[in-house]
Amino acid sequence: MDALDQLPATKPFALMGTFAVLSVIYFTGKLLYALYFDPLNKIPGPAINRISRIPYVKHLLAGTTAENVTELHKKYGEVVRISPNEVSFTSGETAWPDIYGFRTGSLKGHVNMQKDSAWYAPPVNGVPSLLIANDADHTRVRRTLSHAFSEKALAEQEVLLQTYVDQLINRLQEVTSASDEPVDMVKWYNWTTFDIIADLLFGEPFGCLQDLRTHRYIELLFRGLQGFRMFYVISYFPWVKYLSSLIVDKSMIAGRIEYTNWVAQQARTRIARDTQRPDFMTHILKHNGEKPEATITQKEIEVNCLLILTAGSETTATTLSATTYLLLKDPQVYQKLKDEVRGLWKTYGEITLEAVNNAPYLIAVLQEGLRYFPPVPTGFERRVGKGGEVVSGYFMPEDTALCVSQYPTYHSERNFKDPEALVPQRWMGDPKYADDKRSACQPFSFGPRNCLGKNLAYAEMRLIMAKIVWSFDFELDAQSANWMAECKVLTLWAKPELVVRVKEVVRA
Ligand code: HEM
């Protein structure tokens, strides 16, 4: 006999009644607080978003957060409440330093705003990567890894970069001269950036350009990335975890474990190899342990290989794909770029890292591509520390989650004139765009946790774009006429095929 059976018949109903009354009191109290007493109520936004996270989660799951938050900012201005505890800013020129910046100047003595753990997966091998490490570990690990990303290291890595960019050009020439079929440039850019990063990390590529095939582990990586949104959902609605354990494909979890183990094994194999090739690992191992404050463990190396493999490839491929699409939609800008690239360099061999750093229009086109279609489209949220903080002149209470939302910020007329046009000259001192708030555009983020691979990303993108534009004429195929509108924010951008007709440039 269980305990319930021993109670008088009326007791269970009385208990249920008490529970129902307490629930009604609790939820009414929460509702009243949200509607009338919450200090965040002075931040504008839809009334429903003040009391419920569901409208935001709906867009998160549908992949439409960029459009939705852009619309909200259009309607409510530079600061918007997007959910009960989350605030988005487009006032980037002040919000970037206030939220993400170094605590210097007027912010001296303030603690760094911490990353909002709601957005991140628990560490795969029990050790946090740079992305989620606490401030002390972050400084120590970043100091050690940064040797692999210095200007000097980048100059030494040029031979390796050139090898893969040349392989991209040669394989594209082979394929397009053998057939009139159009090609999917998203795939080709991904193949190139993943091969480069794998070689820099492990001393061997994925072999995508060699086999003209997306490696199985890259497919697993993309599937895993898209699932990342669920960590946010689960952290606010924990019961979803039990539901998702019923519906999530078990092979996906097994795939993620297999992929993680493979990355760790590749890192160990590379570490065991006795070589001085100028890849990431040579620089990391050479400087690791020089000082106690610049020492990292084997597991920290492995988990950061996992991070760099994703952070350093998909993002760069996104900018190249988006910029290609934007160029093909704007014949004037495309022609100007061709004129610069084909005028500056008479032979293919002249296109070096140093040379592409002296191609102003190419540099401006890529900068505009980053503005128009930032690879990290939403914000990386931070939590306000004890006592609250002032951001862009607005007081934010303790524990509020804040971000600069990149896509909405870069498409706001508050910050950029003609935000929906492709205007490279806004980055070249054109007086018509003198009032643009260029400092609001920080596609690599800002402050102590900004992108570690920024220099490499610029080098790769400039080299690839220069050699592509020098070697080929592209034409957008009709099936990709609305490519950008079909991209979705599933953590990062989920991109459909970018179908392009490619013709080799014939020179006399
Ligand atoms: C167009 C290309 C790229 C863009 C737009 C980009 C953007 C970003 C952004 C916005 C962050 C900050 C994330 C956060 O706040 O948590 C970040 C961090 C990072 N990125 Fe990139 N990234 C790019 C390419 C690369 C490349 C090529 C590498 C390396 C090979 C790389 C490695 C990293 C690493 C290691 C971090 C973590 C830094 C830290 O937490 O200290 N990224 N990136």
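**Strand β4 and its sheet**

I looked up how β4 is joined to β12 (residues 499–504) in this predicted model. I found 2 bridges between β4 and β12, and the two strands run antiparallel. Within this pairing, Asp 184 stands opposite Val 499 of β12. Strands of a sheet pair through backbone hydrogen bonds, either parallel or antiparallel.

Next I wrote down the strand order, which is β4-β12-β9 in an open sheet of 3 strands with antiparallel pairing. β4 (183–184) and β9 (472–476) each have a single partner strand, so they stand at the edges and one side of each lacks a neighbour in the sheet. I then checked what lies across β4, β9 and β12, and found helix α9 (residues 158–178), which runs at about 65 degrees to β9.

**Cysteines**

I searched the whole structure for disulfides and found 0. Cys 441 is in no disulfide, and its nearest cysteine sulfur belongs to Cys 451, 14 Å away. Is Cys 441 buried or exposed? I noted it as buried, because its relative accessibility is 6%. Cys 451 has a relative accessible area of 30%, so I put it down as partly exposed.

**Aromatic rings**

I noted 25 aromatic pairs in the structure. One entry concerns Phe 472 and Phe 474: their ring centres are 6.3 Å apart and their planes lie at 20 degrees, so the pair is stacked. Both Phe 472 and Phe 474 are buried. I also recorded one aromatic cluster, whose members include Phe 194, Tyr 217 and Trp 262.

**Charges over rings**

I found the charged end of Lys 338 over the ring of Tyr 334, 4.2 Å from its centre. The charged end of Arg 371 sits over the ring of Phe 416, 5.4 Å from its centre.

Methods: Residues are numbered from 1 along each chain as its sequence is written. This is a predicted model: local features need pLDDT of at least 70, side-chain atom pairs count only at pLDDT 80 or more; totals for chains, interfaces and linings use all residues. Side-chain values use heavy atoms; hydrogens and water are left out. Two strands pair if DSSP finds at least two bridges between them. Helices (H or I, at least four residues) and strands (E, at least two) are DSSP runs, numbered from the N terminus. Contact means heavy atoms within 4.5 Å. Axes are lines fitted to C-alpha atoms, for helices over the stretch in contact, and angles run from 0 to 180 degrees between N-to-C directions. A disulfide is a pair of cysteine sulfur atoms within 2.5 Å. Buried means under 20% relative accessible area, exposed over 50%, partly exposed in between (1.4 Å probe, protein chains only). Rings of Phe, Tyr and Trp (its six-membered ring) pair if their centres lie within 6.5 Å; planes under 30 degrees apart count as stacked, over 60 as edge-to-face and the rest as tilted. A charge sits over a ring if NZ of Lys or CZ of Arg is within 6 Å of the ring centre and within 35 degrees of the ring normal.
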